[in-house]
Amino acid sequence: MSTQLKHFINVLEEMFQFDQVDLDFGIYRIMNQKREEVSRFLEKDLIPQVKQAFEKYKGADIETIKEEITKLERQLADMGVPKESSEKYITLQKKLGQGVDVVALENEVFSDLTNFFKRYYHEGDFLSLRRYKKDVYAIPYEGEEVKLHWANADQYYVKSSEHFRDYTFTLPSGKKVHFKLVDANTEQNNNKAQEGKERHFILTNTDPLIEEHGELFIRFEYRPEGGKRTRDKINTETLEKVFTMKEFESWISELQALAPTEKNKKRTLLEKHLNDYTAKNTFDYFIHKDLGGFLRRELDFFIKNEIIHLDDLDTENEKRFEQYISKVKVIKSIGHKIISFLEQLENFQKALWKKKKFVVETNYCITINNIPKEFYSQILENNSQIQEWRKLFSIDDISETITSEFLKENPYLVLDTVHFSEEFKVRLLASFENLDERLDGLLINSDNYHALNLLKRKYESQVDAVYIDPPYNTVHSEILYKNQFKHSSWLSLMANTSTIVPYFWKRQFSFGLAIDDYEFVNLAGLLDTLYPNLERNIVVINHHPQGAGGRLSRTHEYYILLSPPDCPAYLGQPVEDYQEDRSFMRSGTAENNYRYGRWKSFYALLLDPKTNKIVDAENPIPLDEPYPVENTDEGLVRVYPINSKGEERVWRSSYLTGKDRAKNGELIISDKGTVYQTINHEQKREVLFSNWTDSKYNSGTHGSNLLRNMGLGGNFDYPKSINALETALWAQTYGNTHALILDYFAGSGTTAHATINLNRKDKGNRKYILVEMGKHFDTATKPRVQKAIYSKDWKDGKPVSREGSSHMFKYIRLESYEDALNNINLHLSEQQKFAIEENMTPEAREDYMLSYMLNAESEGSASLLDIDMFKNPFEYRMNISNGTETKIQKIDLVETFNYLIGLHVKEMDFIRGFQLIKGHLSTGENVLVIWRNLNGSTNDDLEEFLTTLDINSKDFEYDRIYINGDNHIENLKIDESNWKVVLIEEEFKRLMFDVQDV
């Protein structure tokens with residue numbers, strides 16, 4: 001095997017993840033299932049095609065040599081030179097005798113293909129690294145005025161908030177082990193790591209292992225390692241160091257338990273998790289939106305620029321063009337086949353990324369005052385719920401015993417249905433009419449792209465304001481980027497949702513984003529590029545008045561506001577009603593403040609000397625005519641806008657308006673003769689300026705300290721000031737007290753807290769939707785909302801007034817992208833295997849392998865919809881990870897389908913084995929959804945049930961009826977392509993993969 005071929009095979013093995021045999025998560029687990037088959041195809045089928053291809057072109061090359069010899073013979077004869085004396089003639093004759101050196105051509109092809117794929121491929125991703133010439137990049141460009149984040153602009157950023165800074169796994173004994181990142185050293189003032197200084201996860205020298213509260217923490221730094229060690233080498237050294245730490249012997253015995261693979265029989269449990277941890281920070285960060293198109297374009301550019309060398313064709317070193325063509329055809333043929341396989345892999349991942357995600361958990365938090373008393377006895381018997389109340393609300397401070405009377409006296413205790421049985425939850429929800437309308441909020445534990453993708457049908461054109469506070473990408477909040485394009489990667493994260501969020505906006509809306517100096521310029525440029533028709537305003541907020549250190553101690557951050565240009569002004573909170581006495585005579589030096597500049601506003605106000613009240617006004621006198629100054633015939637005093645200097649000025653209002661003001665008693669005169677206009681300020685709102693400097697915007701005092709007082713200190717870093725959010729939401733909703741507010745970087749939940757506070761102050765009915773992926777969803781976001789509902793003020797982790805709000809919110813968790821990957825199983829029936837191996841032509845088998853294998857063999861996997869499991873939809877199960885362990889868990893198909901069709905739920909009930917959901921779509925259509933266990937219910941049972949409930953598909957009560965499983969319900973055609981009774985399975989699959997962005 002030639003050196004060039006070895007290099008080429010090494011590149012193929014790297015691109016197809018053959019070097020990651022020990023990784024059993026995500027796409028690596030899938031590729032491991034097909035490793036031998038793919039390897040056999042590449043080495044036995046694909047690579048030999050290079051030699052075969054040159055055999056095919058060999059004759060053409062020989063003919064080219066013959067033509068060159070004939071041409072040279074004529075030239076030499078014309079010149080009278082014996083051909084045997086020509087060195088070129090002798091060389092051509094020698095080539096003709098030897099034929100084409102196929103081996104040399106093969107090696108050139110392998111070398112060129114190796115160079116091409118190595119250039120664009122880097123640790124799992126393909127980046128746009130087109131070279132115009134040595135060390136000069138050609139940035140992809142399509143005529144845009146501004147081209148931002150070109151390195152990653154055509155990719156989805158996968159780890160949107162799952163930074164993998166911390167990683168937890170459970171030992172067989174049940175004890176937990178944590179990988180903890182204690183220092184993230186990043187390159188400064190340069191977007192490219194210096195050569196040889198790539199960062200790695202390195203065991204810290206100071207206290208590498210710590211045991212706290214019965215759990216083990218293995219501590220890492222993320223920094224350049226100073227040498228040229230690979231990730232695998234560093235991991236091996238880490239394992240050796242950990243296993244020699246005798247003081248942790250009880251832990252090490254479990255960490256050394258075997259977790260073997262076929263290739264690595266001696267792999268330990270710690271090695272497995274360490275490889276996963278470091279690999280997850282290195283691989284799988286991006287999914288290309290069009291990898292096939294991208295690589296084919298780049299291969300074309302590579303061939304034209306670096307193989308054919310068009311610039312050199314007219315020089316003395318010109319090579320035979322026909323030779324180029326033969327070689328180019330082979331490179332294109334083999335290159336396109338490899339690209340097709342890579343495209344299949346990437347498109348498979350893209351489909352999993354973009355598909356709507358399953359709801360894996362649905363629960364409700366409801367204040368006691370909204371719960372019928374018939375449920376009290378079960379609530380009082382639920383120790384888990386009462387223990388949560390003790391933890392969250394310190395109820396032991398007000399009562400040692402929890403009774404029905406206690407529940408009545410504490411109406412704002414927040415019940416969480418997670419503590420109760422499914423039967424209890426079903427009965428409780430059935431007690432509510434207009435269920436979705438009753439909800440004050442929705443919390444979603446999910447990647448924001450997936451959450452918005454699932455929500456968009458239900459909430460299309462319904463959101464008044466979007467506010468987000470994304471990670472600022474500083475040392476303290478950055479994602480551990482694997483490549484050197486840190487800012488480009490961050491912008492790709494921000495751009496993930498850019499095509500989805502416009503679905504939610506009402507015609508008049510606002511989009512607010514918090515950011516600091518580090519990414520402000522980049523973010524503003526991205527927003528201007530994405531939304532060129534929106535008006536951008538900037539607020540500077542003095543959120544950290546004590547300063548952050550550095551050459552210039554920063555105290556500020558930015559609040560970017562986008563909205564259509566015709567929206568109302570941004571105003572703050574309402575101010576108290578008050579009366580203002582404003583001088584009615586204009587001041588200032590502009591001409592329109594004088595009679596000569598605006599003579600129609602120079603007129604006499606008429607004062608009744610008996611009452612000292614202004615009662616009327618006279619017509620203004622033209623500028624070139626004298627005006628009367630004596631009293632009127634009725635004895636009324638004429639008062640003109642003439643100041644103490646004798647200057648003829650003007651009144652603030654024109655004559656007709658001034659006359660009305662005089663008659664309405666709005667104008668008064670002081671003892672010194674000054675005329676004032678009395679202005680009653682009612683329902684006025686605070687004027688907002690572009691710099692917010694008030695101390696109430698201090699994030700330390702009104703953010704971090706607030707969380708600490710709520711008993712949530714340390715669970716979330718850098719929360720916003722609650723006052724900043726209240727002001728922002730007033731501004732962004734233009735004062736609408738019934739606004740719907742969306743925050744898909746929810747953090748600690750400040751947006752929900754601010755919404756609750758605003759509603760508490762003005763009896764509004766604002767609603768919120770919050771999306772957060774981080775583990776602090778359960779330690780900060782959700783408990784903060786619960787606490788804010790229970791009491792408006794907190795001190796030292798305890799409620800002060802216990803003055804709460806009647807409230808109800810739903811929270812759901814979604815399947816993650818990693819869950820989707822980990823629930824893929826590749827399989828073929830014996831019949832399918834036989835058809836592929838025995839009945840397919842070699843060309844058809846190649847086409848199957850390159851383009852269709854993954855889609856065909858993954859069909860029926862749980863994350864891609866196992867229709868067979870719909871027979872009992874209440875028992876649809878998948879492997880779901882909670883960050884610590886992966887376990888089989890029920891999937892909420894009912895809730896998932898509600899979002900897929902965009903259903904606004906009015907009623908939910910479970911009757912005689914049938915799950916009924918009534919509601920309406922955003923189109924206004926009334927909808928009935930019926931779920932049943934087909935293993936225990938026949939179509940006769942269904943018909944009898946519908947008859948009992950007086951539900952008839954032929955009447956007009958419902959515009960659409962969805963039912964799972966084939967049925968005999970009489971159907972009606974709505975239009976040319978739609979029927980009234982719809983099979984849930986078909987609609988579920990159609991909508992789950994209907995994922996086109998705006």
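Me: Which sense, parallel or antiparallel, does the pairing of strand β28 with strand β29 have, and over how many bridges?

Reply: Strands of a sheet pair through backbone hydrogen bonds, either parallel or antiparallel. Here strand β28 (residues 740–743) and strand β29 (residues 767–772) pair in the parallel sense over 4 bridges, and D743 has L770 in β29 as its bridge partner. Two strands count as paired if DSSP finds at least two bridges between them, while helices (H or I, at least four residues) and strands (E, at least two) are DSSP runs numbered from the N terminus. This is a predicted model, in which local features need pLDDT of at least 70 and side-chain atom pairs count only at pLDDT 80 or more, whereas totals for chains, interfaces and linings use all residues. Residues are numbered from 1 along each chain as its sequence is written, and side-chain values use heavy atoms, with hydrogens and water left out.

Me: What is the strand order of the open sheet of 11 strands, and which are its edge strands?

Reply: The order is β13-β12-β32-β14-β29-β28-β15-β16-β18-β17-β27, and the pairing is mixed. The edge strands, each pairing on one side only, are β13 (414–416) and β27 (691–692).

Me: Which strands does helix α22 lie across, and which does helix α28 lie across?

Reply: Axes are lines fitted to C-alpha atoms, for helices over the stretch in contact, and angles run from 0 to 180 degrees between N-to-C directions; contact means heavy atoms within 4.5 Å. Helix α22 (residues 722–732) lies across β15 (463–468), β16 (505–515), β18 (557–563), β27 and β28, running at about 145° to β15. Helix α28 (residues 893–901) lies across β12 (359–367), β14 (441–445) and β32 (808–814), and runs at about 90° to β12.

Me: How many residues lie between β35 and β36 in their hairpin?

Reply: There are 2 residues between them, and R912 in the turn has a positive phi of about 50°. Strand β35 (residues 904–911) and strand β36 (residues 914–920) run antiparallel and are joined by 7 bridges, with L916 in β36 as the bridge partner of D909.

Me: Which residues of helix α7 are buried, and why do they line one face of the helix?

Reply: Buried means under 20% relative accessible area, exposed over 50%, and partly exposed in between (1.4 Å probe, protein chains only). In α7 the buried residues are R231, I234, N235, T238, L239, V242 and F243. Seen down the axis of α7, these buried residues fall within an arc of 160°, taken from the directions from the helix axis to the C-beta atoms, so they line one face of the helix. What covers them includes β8 (199–203), β9 (209–212), β10 (215–224), α8 (249–255) and α9 (269–280).

Me: Is D436 buried or exposed, and what does its side chain meet in a polar contact?

Reply: D436, in helix α16 (residues 435–438), counts as buried because its relative accessibility is 13%. A polar contact is a pair of N or O atoms within 3.5 Å; within protein, one must be able to donate a hydrogen and the other to accept it, and residues adjacent in sequence count only if both atoms are side-chain atoms. Such a contact, of 2.6 Å, joins the side chains of D436 and K458. Leaving aside neighbours within four places in sequence, D436 is in contact with K458, K810, L903, H904 and V905.

Me: What relative accessible area does R438 have?

Reply: R438, also placed in helix α16, is partly exposed, with a relative accessible area of 35%. Not counting residues up to four places away in sequence, R438 touches N370, F432, E433 and M808.
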